[in-house]
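Subject: Structure handover

Hi,

Here is the structure I promised to pass on. Please open it first, then read my notes below.

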Amino acid sequence: MKVFISADIEGVTTTTRWEETDPNHASYSRHAEQMTKEVLALCQGALAAGATEIVIKDAHGPGYNIDPTRMPKEVTLIRGTWGDPDLMVQGVDASFDAAMFVGYHSAAGRNGNPLAHTISGRHIGITINGRAASEFMLYSWAAARYGVPTVFLAGDKLLCEDYADLHPKLLTVAVKDGRGGATFCRSTEVTIPEIAAVGEKALRQDLASAKIILPPQFEVEITYKEHSYAERVSHFPDVHKVSGNVIAFTRNDYYEVLRTLAWII
């Protein structure tokens, strides 16, 4: 069994403030360590379920957060980026049996995490077909474009609740909750083994029945913080302004959604 894991940092058990996710800040290292531990726990669960090959995308920022010296021998760790619109799942393809997401966070505008955002901080929300789009939604759908089912998600409580229905076999681990600028973090002595156990359970499901079919059309709307940026990106092909700081576009191919977002977000 071949498994793809995408890992972020704002949704690991310990993070609360932006500087904790910044490699240039003194507090970053302990949270990068927690990111590594949660990835290792998910690898443990995947291997226990029978995974023989695991590819991990270090998906926070430029992609140099996970300690590569501690990965199991079955792991290939993707560090850095090459500009593919698949972004946080760069490297996924149809050869994978399942995708798993760890360290993910609530969407821009949601109150489940002080670090809630979607891709960048330029906007206050993205919707696709009327639904708030988180990074988990965007990139689990990117995996689905290749026929790869998503079966596991770890992150903040509201994220897990918001997207519980997005994939038919999705199992989740809520490692913390958020309210305003505060987080209610569970003990890492609990979340680490839970990620391993639920990850194993997720991969022992019928993976064929976990696959989804993407919508035939994608109506995307983005509300930017600054009207001047909305004006600028409204000149991108087939993007139009809805109001002063809101733009919209329609695509029939999900790859084109991702490619447009890569340029205008």
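The largest pocket holds about 310 Å³ of space. Its lining is made of 19 residues, and A59, H60, G61, M88 and I119 are the closest to its centre. Sorted by class, the lining has eight polar, six nonpolar and five charged residues. Keep in mind that this is a predicted model.

Next, the helix α1. How far apart should its ends be? The helix runs over residues 28-48, which makes 21 residues. At 1.5 Å a residue, α1 should therefore span 30 Å. The end C-alpha atoms are 30 Å apart, so expectation and model agree. Just after α1 comes G50, with a positive phi of about 110°.

Now the charged pairs. Side chains of opposite charge can pair when their charged atoms come close. How many salt bridges does the structure hold? There are 14 salt bridges.

**K157 and E161.** The side chains of these two meet in a salt bridge, at 2.6 Å from N to O. Why are they about one helical turn apart? Because K157 and E161 are four residues apart in helix α3. An α-helix has 3.6 residues a turn, so residues three or four places apart point the same way. K157 has 36% relative accessibility and counts as partly exposed. E161 is partly exposed too, with a relative accessible area of 45%.

**R70 and D67.** These form a salt bridge, with the closest N and O atoms 3.9 Å apart. Buried means under 20% relative accessible area, and exposed means over 50%. R70 has 31%, so R70 is partly exposed. D67 has 25%, so D67 is partly exposed as well.

**R110 and D162.** Their salt bridge has its closest N and O atoms 2.9 Å apart. This pair links distant parts of the chain, 52 residues apart. R110 sits in the loop between β4 (98-104) and β5 (123-128). D162 belongs to helix α3 (residues 157-162). R110 is partly exposed, with a relative accessible area of 35%. D162 counts as partly exposed at 22% relative accessibility.

Then find each pair in turn.

Best wishes

Key:
Residues are numbered from 1 along each chain as its sequence is written. This is a predicted model: local features need pLDDT of at least 70, side-chain atom pairs count only at pLDDT 80 or more; totals for chains, interfaces and linings use all residues. Side-chain values use heavy atoms; hydrogens and water are left out. Helices (H or I, at least four residues) and strands (E, at least two) are DSSP runs, numbered from the N terminus. The expected span of a helix is 1.5 Å times one less than its number of residues. A salt bridge is a side-chain nitrogen of Lys or Arg within 4 Å of a carboxyl oxygen of Asp or Glu. Buried means under 20% relative accessible area, exposed over 50%, partly exposed in between (1.4 Å probe, protein chains only). On a 1 Å grid over the protein atoms alone, a cavity is a set of points where a 1.4 Å probe fits but cannot get out, and a pocket is an open set with protein on both sides within 12 Å along at least five of seven lines; lining residues have an atom within 4 Å of a point. Grid points are joined across faces, edges and corners, and a volume is the space filled by probe spheres set on the points. Ala, Val, Leu, Ile, Met, Phe, Trp, Tyr, Cys and Pro count as nonpolar, Asp, Glu, Lys and Arg as charged, and the others, Gly among them, as polar.
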